[in-house]
Each structure stands twice: as structure tokens, then as C-alpha cells.
Amino acid sequence: MILLVEDDKVLNENIREALVAEGYQVDQAFDGFIAEKLLKKGTYHCVILDINLPLKNGYEVCKAFRQFNTTTPVLLLTAFDELEDKVQGFESGADDYLTKPFFIKELLMRVQALIKRSATNSAPVNDVIVAGDLVIHQRLKTVSRAGQDIKLTPREYQILHRLVTANGEPVSKQLLIQEIWGSVFDANTNNIEVFINFLRNKIDKPFGKQSIKTKVGYGYYYEP
């Protein structure tokens, strides 16, 4: 089941028809207020969310959704392609970003990739990872440092988890993109750098640490 939130009725219907043709069930909403109501009472495999919505914009809807659901992937749709807009979207908890105009085929590929990775990441895991004073509860998908809980978005968690489990080996931006977003993600953006900066601001700076490091030409690595 997919929730499609787009106030342009023609575009909304075109996307719905394409999704239904691929075998998905689709709930439709045309403003942020109705979208929030549906998200609170329904269960979805993916949310396609326009940013410029009546009543409540997509950033607000996504941020509120992440207060009670941190696993369902959210794909933002927007007419803007500025880095600041992407940063705001990712800070709200979005998983991916598609700029209008776009090909319906690309949207379908991104939805399929998000759902597939969400299903993989939800596989039951029982063990706890300890890296110095950082603790990752894999089953609960929670993170703490020095006994203090740290709230991460799903993508921030996945990147941190990948770096920590690499045991000090550098992980390239290309590998992070491939493993976390899939091959349909736009690898020519600065989104990885944006997420690394988010993580450093949450994981390192408040604790006076420099654990997330860059090895020039190789990628990022975690050093407890």
C-alpha cells in the first residue's frame, strides 16, 4: 500500500495509474492535513509526498510522521532542485528526493528501491553493537553515546551503521549510495556529504569527539 500526496490532481492521477499498473494499492491525498490523518490511521509501504501542499507542506507532514514512524520510506517531490531544499527535506526525515519534472518510470524505480531496502532493513536482528562509548541497538534501530540517546533519521542510522560495521575500513560515497539507496539514486549530488555533516553534528560534536572521519580519495570511516 502506498500513500500518494500531491495537490496537482492531474499529476496525482497519472502517478496513481502508473502505480496501480505495477500492482500497488494506492491511497490518495491532496493536502497536508488529510495526509497526516491517513498516516496516523493507515499502514503504508511507502509515502510519496509533494512539498508544496495546501494547509501543511510536505516538510511539516514528514517531520510529524517521523515522530511516530521511523521506518516507512518517504519520497519527496518538489519543483526545486536547490541543495538547501534537499537538506531541509532530509532533516525532516525523507529518504529520497525527486525533482519535477520527472519521468514516471524513474519514480517507479525509486519507489521499488525504497520498498525493497525498507523490507531488508526490517529483518529481525537481536544483537547490540558497541563501538567505544557508542551503542547501536540493531533490532530497535536506536543509538546512544555515553549513555545519552541520539535521535537519528532512518538514513542517518543506516549510514552510521554501515560505517561502524566496517570496522575502521573506509566506505566510499559510491558504495554508500549503492547499498543504502540503490542504483536509481542520483550519485552526482552532495547528499552523502549532507548526511555525514548531520551525523557529525549529532554523534561527534555534542560529545567533543571526531569519530566519523574522511580518508581523502577513499571515503568515510568510523574510529571509536
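Which elements each supply at least two residues of the lining of the largest pocket?

Reply: First, the ground rules. This is a predicted model, in which local features need pLDDT of at least 70 and side-chain atom pairs count only at pLDDT 80 or more, while totals for chains, interfaces and linings use all residues. Residues are numbered from 1 along each chain as its sequence is written, and side-chain values use heavy atoms, with hydrogens and water left out.

Now the elements. α4 (83–91), α5 (104–121), β8 (142–145) and α6 (154–165) each give at least two residues to the lining of the largest pocket. Helices (H or I, at least four residues) and strands (E, at least two) are DSSP runs, numbered from the N terminus. α5 provides the largest share of this lining, six residues.

A pocket is defined on a 1 Å grid over the protein atoms alone, as an open set of points with protein on both sides within 12 Å along at least five of seven lines. A cavity is a set of points where a 1.4 Å probe fits but cannot get out. Lining residues have an atom within 4 Å of a point. Grid points are joined across faces, edges and corners, and a volume is the space filled by probe spheres set on the points.

The largest pocket holds about 710 Å³ of space. Its lining counts 34 residues. Thr70, Thr71, Leu152, Thr153 and Pro154 lie nearest the pocket centre. By class, the lining has 14 polar, eleven nonpolar and nine charged residues. Here Ala, Val, Leu, Ile, Met, Phe, Trp, Tyr, Cys and Pro count as nonpolar, Asp, Glu, Lys and Arg as charged, and the others, Gly among them, as polar.

The largest cavity holds about 30 Å³. Glu36, Leu39, Lys40, Val61, Ala64, Phe65 and Phe68 line this cavity. α2 (32–41) and α3 (58–65) are the elements that give two or more residues to the cavity lining. That lining has five nonpolar and two charged residues, and no polar ones.

Now the setting. The protein has eight helices and eleven strands. Its C-alpha trace spans about 50 × 35 × 30 Å along the principal axes. Of its 224 residues, 47% count as buried, meaning under 20% relative accessible area (1.4 Å probe, protein chains only).

How values were computed: Buried means under 20% relative accessible area, exposed over 50%, partly exposed in between (1.4 Å probe, protein chains only).
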